[in-house]
Amino acid sequence: MEDKQVNLFYEEMKNTFVKPSSDWVDKAKTFRTLLEKFFQNLTPEMDSQATLWERMVAYYDANPDEDAMKSRVHRIRKKLNDIVHDELEIGPEDVKHVVVTKEEIRKIYEDFVLVVYNSTKVFPDGATFELLGINQSDCLKGLNEQQKDAVLTDSRIVFVNAGPGTGKTTLLVQKMVHHIIKNPQSNHIVALSFTNTAARQLEEKFQQQAFMYLKENQYELFNGTIHSFCLRKMRKYYQLKGRSFEYMIIGDDELFDFAPDICRLLNDKYTLEEINDFLSNSSKLWPEDLSAAIADIKARYKFISLNGILYLFDDLLSKDQEFADWILASSDMLVIDEAQDLNESNFTIFSRMLGLKPSLKLFMVGDPRQNIFEFNGGSYEYLDKFLVQYQNDVTRRDLSVSYRCPEAVLGFVNGVTFMDCENVPLRSDIAGTIQAKAYPTVQDESTSVVDSISAIGDFDSCSIISPNIKGLADIIEKLNANNIPYVVLGGRRKIKSHIKFVNNLLRILYNNNEKSILSVCRVLAIDVKTQPIGAPRHFSPKELFFRHTYGRSLREIHKEYDRLEWSLPSLVDAIVDKLLPAGMYTEPQVAEDFKKLRSLISGYKTIKEYLDAFTIDKERFICFYEKDFVESVAATDGPCLTLSTIHSAKGLEWKYVFLIGMYDLNFPGLKKYSNKTTDKHEKYLNTKKKELYVACTRAAQQLSISYPKVIESIEQTPSRLIAGLDIS
């Protein structure tokens, strides 16, 4: 959009907000019209009948760098739709009226302005800032005294112990903004989060604050996961040096494809089942020969795992001085979220960067009580060792005021004792309740929970949390029977076979990857081992594949892709139309998946860029993973109930949380607990306490904990971890 067009939008929004002759409902209707008009301008290539929802999805699919703003846009749309649709449903004979406050419309106006700026990078005029009540000189406004103290602390290394709901994301953002304002010559910030979802939340808040306070400041910000930071920097460096970064990134789930190769390489020393067991459990220590075999296969096929990215980055830092100087020139401050969940490789990289650049600052926020991802290699132990190593440079701060959790919930979790960290008591002024109930059976528990949620009516504000995905099965059955829409977070997932097949074809197109060739041949039953009769020489599997009709067809598509300069969606169209085996992948959902793939892949310029993003940004492509649960039969494009495992609920919150299945055999899990040595007993139980802490502190108003008394005729006892509660 041209600047003139954008300024007209700002002017229309401003006039709508100040218009004296309309009430706030009328203003909401006008803002809804303007929102639709704005996205029509952003997506002029779409059909004129496309809905606002379709345009928003298409725009953010095609612009992954703006993903952080997507949730804000959807909030605006939902709020405006709620107002407009409520008004339309009121008949003239009704006496009730939709009540919309000035503050609600002001917030919609502010969010809308930020969305327009983020998409166009055109600032509004000063009058808009005045209308929104934004004072660009006070970037610490709204922080409590503990938060201000943490932001103003100027030590080289700062660690803030921030409990649930204490405003850690706000703290991180304000620290970055304050640093940029106060250090104009030291304004290169690297912000690293544990997940892409957390990174997007951080970026969304930072964009809002930057819009408000950094109009006159120059700065450079990288925001993402540490894996994406290391990969992007290495790839850029290789490009600057005229070298090719040849590695293909694979996720942990793709390691299973290597099992047959590992089996052969080790002369069947381990069965396929044993190898898959090791590959599926990252907390197990792999045998030395198995680790060596995996490393050998990755090197042979030019694959690198997510942790391999970190090892390679650290190796370059330590051995290539030019690379180290280049990295550190664009790193004045490291800002780290969820520091308690980082692994040893992360802290090795931080240590090396601190050693190479004495002026580098490190600001970390985390909560040792929420360290529940040890099975992924992350542990508070590594953070603790790091803080001890740099104790002379470290300042520690605690945040103890929770703006999320009710005092009743905090009264319970404050009493939990952990073996490896202090439980800093949290306080709150929020009213709320905590209750624990026992039900005769699982079915009774599920029925009561579903009935309670139906009575609440506001599905978006409710969540059912289970220690494991299996514990949600009966709940799901009842929700579907009652046509209640839900989404599920968590569960083991692997890439859908048809998406994996297309990705393998794309890898072959990118660099003739031999492992992908073998995978495709396995699916299509193409023989690339038997040599042709009378062949003048020995042909490799790769050569045999491209001598085959299918391989030649793939090459023809590649030539057309290069010659006609196809977009990636056009390339996917050609692959799906011409190379998908007849009779395979015919289910209706497959067509929907390919439609979504075309949309998402449009946000990337090259095959390599897309393939790397697919592995590193799993949250963005989560719709292409198999799910271990039955999906909602009711439409999920409106308000939805959330079902979640404890691990997947971390970082989220709901007004009403139902924590189910809390019997001792299930949580902490009596069999697992009793089969471990004394030291492992305590460590295992400590982890389960942290999981309970995380689950309980998702509740912003009401926490309901429950368990069934009998399962398959066997009496159950309440979890030992909720023994302090009165159970009715």
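Predicted model: local features only at pLDDT ≥ 70, side-chain atom pairs only at ≥ 80, totals over all residues.
**Overall fold**

I counted secondary structure first: the protein chain has 30 helices and 16 strands, taken as DSSP runs numbered from the N terminus (helices H or I, at least four residues; strands E, at least two). The radius of gyration is 27 Å, close to the 27 Å of the globule rule for 728 residues, so the chain is as compact as a globular protein of that length. That radius is taken over C-alpha atoms, and the rule is 2.2 Å times the number of residues to the power 0.38.

Numbering runs from 1 along each chain as its sequence is written, and side-chain values use heavy atoms, with hydrogens and water left out.

I looked up the extent next: the C-alpha trace spans about 90 × 70 × 60 Å along its principal axes. Buried residues make up 53% of the 728, buried being under 20% relative accessible area, exposed over 50% and partly exposed in between (1.4 Å probe, protein chains only). Of the contacts (heavy atoms within 4.5 Å) with a separation of 6 or more, 78% join residues 24 or more positions apart.

**Around β2**

I then went to strand β2, residues 188–193, where five of the six residues are buried. β2 pairs in the parallel sense with β3 (residues 220–225) over six bridges; pairing needs at least two DSSP bridges. Here V190 stands opposite F222. β2 also pairs with β6 (residues 333–336), again parallel, over four bridges, and A191 stands opposite V335 there.

**Cores**

Which residues touch the most other members of the largest nonpolar core? I find M364 and F386, in a core of 81 residues. Such a core is a set of buried Ala, Val, Leu, Ile, Met, Phe, Trp, Tyr and Cys residues joined through side-chain atoms within 4.5 Å.

**A glutamate in α30**

Last, I checked E691, which sits in helix α30 (residues 678–696). Is E691 buried or exposed? E691 counts as buried, at 5% relative accessibility. Leaving out neighbours within four places in sequence, I see E691 in contact with I372, I646, H647 and F667.
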